[in-house]
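Dear colleague,

Here is the structure I promised to pass on to you. Please open it beside this message, and then read on for what turned up in it.

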Amino acid sequence: MVRAPTYPWQPGILTPATEFGPEPLSVLEGRIPAPLQGTFYRNGPGRLTRGHQRVGHWFDGDGAILAVHFREGVATGLLRYVQTAGYQAEEQAGRYLFANYGMTAPGSLWERIFGKNVKNCANTSILPLADRLLALWEGGAPHQLDRQSLQTWGLDLLGSLTPTTPYSAHPKRDPVTGEIYNFGVSLGWNGTLHLYRSAADGRIQKRSGVSLQGFPLIHDFVLAGPYLVFFIPPVRLNMLPLVLNQKSYSEALEWRPDLGTQILIIDRENFQVVRRAEAPAWFQWHFANGCVADERCIRVQFVRYSDFATNEYLREISTGNPITKAPSHLWEVELDVATGQLRQERPLTNRNCEFPVVPDAVAGRPWRYTYCSMKRSGADIVTEIDSVIGCYDQQTETWQEFDCGVGYYCMEPVYAPTEVEDYLINLIFNSHEQQSELWIFPAAHFTDGPCCRLKLPYIVPFGFHGKWARA
Ligand SMILES: [Fe+2]
């Protein structure tokens, strides 16, 4: 007997992804906007169980990529698991074999220290390049896939990496030059922040390393004019229980509020650290954007947590039964260019939100609108997931929102610019019909609701990040 879900959103996260397509998607409502010519890509943990085993954390699921190609008013969808070496070995074995963010696994001390027994999940984000698609993780090199068929071609070392060189899932692309900036944090008794600059084709042209105190967890950063800005939260890896195989990586991360949040401002041309400063303790996974607001001030928006309880909440999500409260709010800070110190900080909402997004065209530059996913006003922030698309307008300092409706759930909105009009695209889980849908909104008036709803042939479990790529 199949048990009814405790919460209506559970199948939208727990259902294993089914590979399908390419096949035309049926239109449930409205029309596909003619200007949309390109592809919507999305990555996330496709499966959270294998046989009777369950992953240790939501971050452990094997990457599954959804692509929806829009051509001449027709949407063609397909989904494929990224064929990583670890995924293929575990498929063959019918069980989990490798360590991961929330999982331990056998291996010699040497293998554990250097991550040789760890699976690259390729499950966090994607980066479309002109001739290929990168499936990004953060503990190793990206995988490269065919943009049309999603066939996995193998690891992509970008001309400079090794398979286990960390390369984060949050690269930033300069909207004018096309240069790609990224980072990675490597293991050791003290960590190293690796910095990368690639040409528009992905090939790394410049690398450098910055020594860190201990081994912090850094998930994202921002471009801000001529700077790369990092907020290093007070989370540190306790190496001993990790190498002794007593704890998983996630379990070995410790919240150390006494260390405060370290601010690093780096010259993006020469990768020199130009400012270091300290701020009160907080945690963030994601930034919205950054810019030089005037010659004395760097402005940064991000989603701020008061502590690291979010990590436990995200572990619990993979069981379908979260119990930990982890409030998250969009914040804005202003940094003094001369010192790096905080000049101002303020929450932009008291509503819980995540996945802040701005148009790629304003990355690192002054911008107006920040989109995100939010919880419904008054919702229980532990047992309800996001069901509202929000937008903060810096010019008017106001919010606009669209509530997807009771029983409909959303995650990160993806911004899709066209020559004619810009759109927001969001993967929706419709718990009434037990199906996944793709909703397309005109960005300028998204509060009016979607202009088109497409039906996906199977439930596509929620994951993390997506991108739009023009044809
Ligand atoms: Fe992320």
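Rings of Phe, Tyr and Trp, the last by its six-membered ring, are taken as a pair if their centres lie within 6.5 Å. With that in mind, and keeping in view that this is a predicted model, you will find one aromatic cluster formed by Trp 58, Phe 59, Tyr 101, Phe 215, Tyr 249, Phe 283, Trp 285, Tyr 305, Phe 308 and Phe 464. Over the whole structure, the search finds 30 aromatic pairs. In one of these, Phe 287 and Phe 302 have ring centres 5.9 Å apart and planes at 45°, so the pair is classed as tilted. Phe 287 belongs to strand S22 and Phe 302 to strand S23 (residues 297-305), and the pair links distant parts of the chain, 15 residues apart. Phe 287 and Phe 302 are both buried.

The metal site may be what you turn to next. Which residues coordinate the iron ion? The donors are the NE2 atoms of His 170, His 219, His 286 and His 465, at 2.1 to 2.2 Å. Along the chain, these donors follow the spacing H-x48-H-x66-H-x178-H, and the angles among the 4 donor atoms run from 89 to 169°, with the site described as irregular. His 170 sits in the loop between strand S11 (152-155) and strand S12 (172-173), while His 286 sits in strand S22 (residues 283-294), so this pair ties together parts that are 116 residues apart in sequence. Since buried means under 20% relative accessible area, His 170 counts as buried at 10% relative accessibility, and His 286 likewise counts as buried at 7%.

Two other points concern the backbone. Ala 122, in the loop between helix H3 (109-113) and S8, has a phi near 50°, again a positive value in a residue other than glycine, and at 0% relative accessibility Ala 122 counts as buried. Gly 21 and Pro 22 are joined by a cis peptide bond with omega of about 10°, and Pro 22 is found in strand S1 (residues 20-24).

How many cavities of 30 Å³ or more does a search of the whole structure find? There are 2 of them. The largest cavity has a volume of about 70 Å³ and is lined by 13 residues, with Arg 42, Gly 44, Ala 64, Val 460 and Pro 461 nearest its centre. Strand S3 (38-45) and strand S6 (63-71) each supply at least two residues of this lining, and S3 gives the most, with 4 residues. By class, the lining of the largest cavity consists of 9 nonpolar, 3 polar and 1 charged. The second largest cavity holds about 30 Å³ of space, and its lining divides into 5 nonpolar, 1 polar and 3 charged residues; among the lining residues are Val 55, Asp 60, Glu 90, Tyr 96 and Lys 119.

The second largest pocket has a volume of about 1000 Å³. It is lined by 42 residues, of which Arg 173, Val 358, Pro 359, Asp 360 and Lys 467 lie nearest its centre. The elements giving two or more residues to this lining are strand S8 (125-128), S12, S22, strand S26 (353-357), strand S31 (414-416) and strand S35 (466-470). S35 contributes the largest share of the pocket lining, 5 residues, and the lining as a whole has 25 nonpolar, 7 polar and 10 charged residues.

With best wishes

Conventions:
Residues are numbered from 1 along each chain as its sequence is written. This is a predicted model: local features need pLDDT of at least 70, side-chain atom pairs count only at pLDDT 80 or more; totals for chains, interfaces and linings use all residues. Side-chain values use heavy atoms; hydrogens and water are left out. On a 1 Å grid over the protein atoms alone, a cavity is a set of points where a 1.4 Å probe fits but cannot get out, and a pocket is an open set with protein on both sides within 12 Å along at least five of seven lines; lining residues have an atom within 4 Å of a point. Grid points are joined across faces, edges and corners, and a volume is the space filled by probe spheres set on the points. Ala, Val, Leu, Ile, Met, Phe, Trp, Tyr, Cys and Pro count as nonpolar, Asp, Glu, Lys and Arg as charged, and the others, Gly among them, as polar. Donors are N, O and S atoms within 2.8 Å of the metal (3.2 Å for Na, K and Ca); water is not among the atoms, so sites may look incomplete. Four donors count as tetrahedral if all angles lie between 85 and 135 degrees; four count as square planar and six as octahedral if opposite donors are over 155 degrees apart and all others between 65 and 115; anything else is irregular. Buried means under 20% relative accessible area, exposed over 50%, partly exposed in between (1.4 Å probe, protein chains only). Rings of Phe, Tyr and Trp (its six-membered ring) pair if their centres lie within 6.5 Å; planes under 30 degrees apart count as stacked, over 60 as edge-to-face and the rest as tilted.
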